[in-house]
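Subject: Model for you to look over

Hello,

Here is the structure I promised to pass on. Please open it alongside these notes.

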Amino acid sequence: MAQLSYLSPSSVDDAVKALSGASARALSGGTDLLVQVRSGRAKPDHIVDLKRIPGLIGIRAENGGFIIGSATCGAMLSEHATLSKIWPGIVEAANLIGSTQIQGRASLAGNLCNASPAADSVPALITARTTCVIAGPAGTREAAVESIVTGPGKTSLAAGEFVVAFKLPPRGPKASDAYLRMIPRTEMDIAVAGAAVSLALDADGVCTSAFVALGAVAPTALLVADAGQALIGSRLEASALTRMEEAVRAACQPISDKRGTADYRTKIAAVLAHRAAVIAWNRAKEQA
Amino acid sequence: MSKQRTAAIVNGDPVEFLSDPGQTLLDVLRDELHLTGSKEGCGSGDCGACSVIMDGRLVCSCLVLAAEVEGCRVQTIEGLSTGSTLHPLQQKFLDHAALQCGFCTPGILMASKALLDANPDPTESEARYWLAGNLCRCTGYDKIIKAVLDTAAELRQDRKSA
Amino acid sequence: MNKPVKPEETGAILKVVGTRPIRPDGVEKVTGRAAYGADLHLPGMLIGKVKRSPHAHARIVSIDTRKALALPGVKAVMTSADMPDLAAEHYEAGESASNLKDLSANVMARGKVLYHGHAIAAVAATSNAIADQALDLIDIVYETLPHVIDVEEAMAPGAPILHDQLFTAGLGETPTKASNIATKHRLDRGDLAAGFASADVIIETRYSSAAVHQGYIEPHACVASYAADGQTQVWSSSQGHFVIRGLCAKLLKMRFSDVRVIPAEIGGGFGGKTTVYLEPLALVLSQKSGHPVKMVMTREEVFRATGPTSASVVTVKMGAKLDGTITAAQVDLKFQAGAFAGSPVGAAVMTSLACYDVANFEITGWDVVTNSPKVAAYRAPGAPNAALGVECAVDELAEKLGLDPMAIREKNAVRNGVRAPYGPIYKNIGYVETLEAIRSHPHMAIPLGPNQGRGIAAGFWFNIGGESTVNVSINEDGTAIVSTGSPDIGGSRASMAMMAAEVLGIGVEQVRPIVADTASIGFSTVTGGSRTTFATGMAVVQAAEKLVIDLKRRAAETWGVDLDQVVWQDGAAHCLQAGKAPKGALTLAALAGSAGKTGGPIATVVALNAQGAGPGFGVHVCDVEVDPETGHVTVLRYTAAQDVGKAIHPAYVEGQIQGGVAQGIGWALNEEYVFSTGGIMENAGFLDYRVPVASDLPMIDAIMVEVPNPAHPYGAKGVGEVPIVPPLAALAIAVRHATGVRMHDLPLSPSKIRAAIDANKAG
């Protein structure tokens, strides 16, 4: 704490320089970082506030998809009508992160790079096939969102690298997504398990593509290919959902901790994936 | 450790303060500006007792670094009433006995103001979810929710007749 | 003076009592101006912080504070060596008693640390950051010891022993071997064997609950300022500043007159702020440094080192006739005390069967020390744990007998004239009326859907009276000041002002109530035990009545008539004798304005030890819906009826009921201390210690039943504690009826419910 400094660069290049230091931490919403600093779990020398970099906050449509600035807070996502219509699962997932107060601060990049296995927005970003735009000392690169987190508290970002933006791909008609999580209360808790499902349907309601991702049931959020595969070609008939649930349970490798037992997490992941799939399917049918 | 100088607008007035890099907005409000109405119940964003409105958004001031508020507008409980005239929410909280110990009250009032600014006609469920980040251990929330909904109704009536 | 005003006798209509005026301290609290413990700032003030044990149980080999003391900005460092080594001595503090030797060792470890988070040293420094650094510079060598936290494990032979001088009391003869069982309590009546022999059905069951914290939102905070002549001032957020004074003086061997404790506003207590943690340390640090010292706990410290209440295991054997008459009950209560003896198991023993008229019973209780924070009082201490076991057992009995859960309670209900299990004969109780309020409530007629269940449970609390001092004075303009020594936690200033206004016949806005410091008013024990409206309120009424007599005397002298020719009505003296009062009545303002001519200032003090607090009963009904796939419980609706005697300020009485219910729901569903295998609490924050949030709860319908308590001038009974007694059982029973599974271990967390549903299907 004694050497801590606060920097607020106004360009990506300056931020990269500031983050290349010995123990620098990027600050966007700060809702995880400041708690860690206060409790002594994180002891950075520099806190680098990214919010004053142009473009880091905001949402814009581009090439049929969306570019979301990495420091955009959850409340701004839900206030964006088009984003909420096209990607309701991502928006509802982001809006489950903490209270109204947290929503006014917490960002997608923070939720991702804090690298908690239980991060709510990550499964939904994965099923959306989101790409991260990453700035760093070697320039800018892009990477699939599921490649960022490598374990609890660990990311694949190199020193000096930070996420600048999230790119959501173009969305066709009859496609939608959903995210559900289980918490003991109705708000304010960390997910015991979470499941995101993104579907695209043909005119008859048959799934032409399906992605299922899980949170809090493994060291990182999991994209469960078999679970998505189980839904493709189905109209979510019971047999398809059962196969998907089996694939979900098979993929889970949870721990037992203060928030839930491994057995419970596994069972609940399947329940949530089932329910999320039904919600996504109903939403997709409504999409023009 | 060198202190940083920050300028902001707090409750409509320009203020400048020095802070250590690790100090939060809540620390500065309480210890430097002596605005002790914002309370620290947890220091981790879980109780909402430190809620303030920053550039129009409700935040936990314990989760904002003091230096982050450079150029921002911050509204605290001390700025909720107009002179000696209470804000309608404050009056309704008194009318409904919506406080007991009063410690969570400043944060809940600021959160309620942000709610009614964003949604003048919340349902009971909307009010409960909006306020889920503000813990109250005394009241069971019953009278708080009633006071908020009653304020909303009164403000809508005022707007109609205005 | 001892004859209370009885409106029903005099025919007087209450004008203030029973109304809902705005509380006198309200504006301060909605504008952020009210000053709580952490809000005070004094010139030259230092920040004090506590070094805490990283082990659940260890011998302290050495403490080296030299490096910390050498750090620039550090003004004092203390350990238990800086506090007197006290002999065992009992100290009564309202609802909770303390052994001063234990209390001293709890606020600052001596010889051993007994729980993770146990205070072992403290520093005072010029800033937070320096104080933190100083804590890191204190070198402590520990010899770790095996620990035990679970209450039954702590009772088992071979368990790690916390105190080698603790020998179980209550066994008849004193054992020679040290034990973690501090005391065995026992209460019995009748012939248990014969009672069970005459039963048609018998159930045996067991319920447990985890340790839970009071969860006040304001962490403990104080400022102490020690002067060179030994006179000290302490600003403290507590439920009783006189108890803070007493405990500080006793622990530090100071004169009571040298310790002035000024009550800060208190941000919730629920029993947990009836003892000291920081104040003696701040005093020592202030003395050593020569500066005022502020100490404020973090939330994590609050969880690790204060409160909580006991984890408990309750076993119940109960027998009944086919018609529902309970013939015998055997209750066994095992309570975790934390690091030092003194769980509320005694109260649990006394309250466990207090709603039931049972001829034959045997109740045993076990007070067991464990390597966890010393428990503190929490709202009706012990009673919720006991009611969980007994009320669920009664529900099991009703189910086995095919009886309605209301009917079995009505059949066995205690009534006036029945001897309570804990001794006295019940008088003026309102239990049957409270049962009737629930039976006839529309809630009971609402049909339930799939996966929904209804739980009904009753609860009892003694309520207490106790010592209070009140000063009422009339200002020169006829307005009044009511000073008490009772901290206002939930609106008691309002009820004090209302009772004074009622007697004086003036508007409540004419009365200013204040909470006076320990040097400004006589002794008053804690705001706890649901005593303040009853006991301090009784003193307020008596003081106001004394003033009315004084005012009538002054009027009689002014008019030259006998005292019996003067009546006091609507805030004025009226003369009954024709022609003597040509200018009409003498108002309070007129009498106050001429007080100098009629004997001087109009003021009086009443100091009393209030007797006759009426016991309180509550009956709750709760509907839940359980998601059978996730195990998540939604509380759909909740109705709580309670005999309150007379609601002085009904809105704050409802508030007490609603708040108690909310805490009980949290206790039932999601709150618990989770310990690691190393004995460290794993959820020491509001993120994972899950108190109910606004979206977790429905509106809570509070039904006030009013069976007056004749010992109180307006009939008031204590109300604050009863409402937390029934919810644990009400929720457990509702979940049972929603799922078909009976859950025996609180909290009823989703994962436990899902597991129980799965086990039920499999079995």
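Predicted model: local features only at pLDDT ≥ 70, side-chain atom pairs only at ≥ 80, totals over all residues.

Chain A

Start with overall size. For 288 residues, the rule puts a compact globule near 19 Å, and chain A comes out at 19 Å, so the two agree. The C-alpha trace of chain A spans about 60 × 45 × 35 Å along its principal axes. Its secondary structure consists of eleven helices and 14 strands. Of the 288 residues in chain A, 58% are buried. I also looked at contacts in chain A between residues at least 6 apart in sequence. Of these, 65% link residues at least 24 apart.

Where chain A meets chain C

How many residues does each chain bring to this contact? Chain A gives 17 and chain C gives 18. On the chain A side, helix H11 (residues 262–286) supplies the largest share, with four residues. By class, that side of chain A holds eight nonpolar, three polar and six charged residues.

Chain B

Chain B has five helices and five strands. Along the sequence they run β-β-α-β-β-β-α-α-α-α. The radius of gyration of chain B is 16 Å, close to the 15 Å that the globule rule gives for 162 residues, so chain B is as compact as a globular protein of that length. Its C-alpha trace covers about 50 × 35 × 25 Å along the principal axes. Buried residues account for 65% of the 162 in chain B. Take the contacts in chain B between residues at least 6 apart in sequence: 59% of them join residues at least 24 apart.

A helix pair in chain B

Have a look at helix H3 (residues 105–118) and helix H5 (residues 142–161) of chain B. They pack at an angle of about 40°, and their axes lie 11 Å apart. That angle is why H3(B) counts as oblique to H5(B). The crossing of H3(B) and H5(B) is right-handed. Which residues make the contact? From H3(B) come B:Ile108, B:Ser112, B:Leu115 and B:Leu116. H5(B) contributes B:Ile144, B:Val148, B:Thr151, B:Ala152 and B:Leu155. Seven residues of this H3(B)–H5(B) contact are nonpolar, two are polar and none is charged.

A helix pair in chain C

The other pair to check is helix H18 (residues 650–669) with helix H19 (residues 727–739) of chain C. Their axes come within 8 Å and cross at roughly 50°. H18(C) is therefore oblique to H19(C). H18(C) and H19(C) make a right-handed crossing. On the H18(C) side, the contact uses C:Val661, C:Gly664, C:Ile665, C:Trp667, C:Ala668 and C:Leu669. On the H19(C) side, it uses C:Pro727, C:Leu728, C:Leu731 and C:Ala732. The H18(C)–H19(C) contact divides into nine nonpolar residues, one polar and no charged.

Best wishes

How values were computed: Residues numbered from 1 in each chain as written. Chains lettered and ligands numbered in written order. Axes fitted to C-alpha atoms, helices over the stretch in contact; angles between N-to-C directions. Helix = DSSP H or I, 4+ residues; strand = E, 2+ residues; numbered from the N terminus. Parallel < 35°, antiparallel > 145°, perpendicular 65-115°, else oblique. Left-handed = near helix turned anticlockwise from the far one by under 90°. Contact = placed C-beta atoms within 7 Å. Nonpolar A, V, L, I, M, F, W, Y, C, P; charged D, E, K, R; others polar. Rg over C-alpha atoms; globule rule 2.2 N^0.38 Å. Buried ≥ 20, exposed ≤ 12 C-beta atoms within 10 Å, placed from the backbone.
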